[in-house]
Amino acid sequence: MIIEDVIGFLKKAQPFQSLDEITLRNLATNVSMELHPRGSLILQQDGPPSDYLRIIKKGSVKVFMKTGDGDEIIIDYRGEGESFGMLSLVGGDKSRANVIATEDTICYLLKKDFIIKLLDTNAAFTEFFLKSYFNKFIDKTYVEMRNKSVLFSGGDKVLFTTMLSELISRDVVTAPQDATIKEVAEVMSRSSISSLVLVDPEGNVPVGIVTDRDLRDKVVAKARNVNDPISTIMSVSLIKADAHDYCFEALLKMIRYNIHHLLVVDRGKLAGVVTNHDLMMLQGISPLSISREIEIQKSIEGLIPASKKINKIIDLLVKEGAKASNVTRVITEINDRLVRRMLEITEMKLGPPPVPYCWIAFGSEGRSEQTFRTDQDNAIIYDDPKTDEEREKAKSYFLNFALDMKDALIKCGFPPCPANYMASNPRWCQPLSVWKDYFAKWIEHPTPEAVLFSLIFFDFRPISGNAILAHKLRSYLGHILKGQNIFLASMAGALLKNRPPLGFFGTFVLQKKGEHKDELNIKENGIGIIVGAARLFALEKGVASTSTLERLRDLKDKHPVLTELGEELEQVFEFLMSLRLHHQFDQISRGIEPDNYINPDDLGALERNTLKESFKLLSRIYDSISEEYKPGMVGQL
């Protein structure tokens, strides 16, 4: 080998191009080279670890794993300038995957001691491999988790892997927007369809939609002249989805907007229509049908059967291999609808409220991260009464209202909060001015109790009622937080009481005794750190969103830690939430009360290694918070 050729090659390959000339030359003088004929096995899953980092000079390789059933999971294909073997080289115990040459391949080999030194001394080099790891391995872990315990059923198409383009019919029945009601009804009858799209004169762009319900409610029931233009009854507020969206996105829109039909467009042009029936046929059980069932109920007792079906939706979504964030988005929509219907029924019972109010949720529900049913975490904000008489009426009405809601939620499977963080507690059923006073006092005097309240209530989200009240409180919170460094340090101190369960030598730190011996708490020592960090950074930077993933995304350009590590943290959050969800799903399936304790020995090799790498990233976040906010200075550690 000619040293200059090796240096020239490394200068074009990531992440070596970030190294200085002296380091590059040192590497190049210690490089060896090997040839792998096409089809040869270079590294074997669960075999000896690699002693080298291999950089492909010419050719290509396939990186893949085998499941217990013999199925092949392709992780990546890598070509010239790319490397492989880093995980087993650093881990030192075994190879994590199979690597096979897909053509005659020449590799440069770099010894382990050189790579370890670079990882210890060069931040850019380390960062590249960290990002590469999470981008390429996190999603593959979901596949392993799904293959292990929650298989696809019967090869059916599934909600999270099926694009709308695969579901819709390409033969879309349309009519011109200047057609008459009679003409459109004849087309629908002849074609045996429940909806029809009205298009512009060119026949490409959808301008409206008419359904069976429109003909029934707007024409027949009102004895309308069937020779009137169809444009007089069509719906023009078109809610559309893109043909390349997954069916999951269409489902969310149907639930959110309470519609039966959704137009599908491809590059702005009409591609088809997807219906509630289509999604029901796709899934076998429909979140839409539960949503509809909730809407038509007139009593709390009528809501009980529908509420019991919500866990069946989680069962379905988990079996379809959905990521945790997708599960929580669907469940949040349905739970919100359930709570809103309870509120409407309670209002019908007690009569209209004396002043406007907003029902808010906090905790996992406030962050839109609820899965299996959790405790009630709610409160009421109501408009400030103008007179003493109005004040007494409001106080009496809303306390009775909150007590009725507490009972209704219990009947529908939401147990009361043991710490009494509920609207039925008079302390958490107050006018806007009192809530502002609470927030101001907690921030100005960050006692341990005040910090605890802040951690709970600052994740609030409006569920129903006059959302302006919640927005005013959120705006006020952002205003009074400016420059409150002692309070932020106090919050950081509370967050840092739980550190990632990873020891000095990269081993898991597990419970040493008791019921959960040899287990770790994935919520407190994993998920909770990300939730807390996202909350802390969001409050500091004035970001109003409450969802952890939304906070991480909104903060990427605002907080230096997340500018650097935000994408990896998102993926780690997804992974930890999915791991917890699958763990609890398995417990419920076996009749066990779900908890947050994971035994790493029960995980597959890829899951276990991903968990370890996740905790390494969380340790960096933990250290960054400790350094930036210096919480020990205010006595919170």
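Reply: Happy to! For residue classes, Ala, Val, Leu, Ile, Met, Phe, Trp, Tyr, Cys and Pro count as nonpolar, Asp, Glu, Lys and Arg as charged, and the others, Gly among them, as polar. This is a predicted model, where local features need pLDDT of at least 70 and side-chain atom pairs pLDDT 80 or more, while totals for chains, interfaces and linings use all residues. Residues are numbered from 1 along each chain as its sequence is written, and side-chain values use heavy atoms, without hydrogens and water.

A cavity here is a set of points, on a 1 Å grid over the protein atoms alone, where a 1.4 Å probe fits but cannot get out; lining residues have an atom within 4 Å of a point. Points are joined across faces, edges and corners, and the volume is the space filled by probe spheres set on them.

There are 3 cavities of 30 Å³ or more. Around the largest cavity sit Val339, Trp359, Glu365, Gln376, Asp377, Asn378, Leu409 and Phe414, which split into 4 nonpolar, 2 polar and 2 charged residues.

The second largest cavity has about 40 Å³, and its lining consists of Leu455, Met491, Ala492, Leu495, Gly532, Arg535 and Leu536. By class, that lining has 5 nonpolar, 1 polar and 1 charged residue. Two helices, α20 (485-495) and α21 (523-541), each contribute at least two of the lining residues; helices are DSSP runs of H or I with at least four residues, numbered from the N terminus.

Notes
On a 1 Å grid over the protein atoms alone, a cavity is a set of points where a 1.4 Å probe fits but cannot get out, and a pocket is an open set with protein on both sides within 12 Å along at least five of seven lines; lining residues have an atom within 4 Å of a point.
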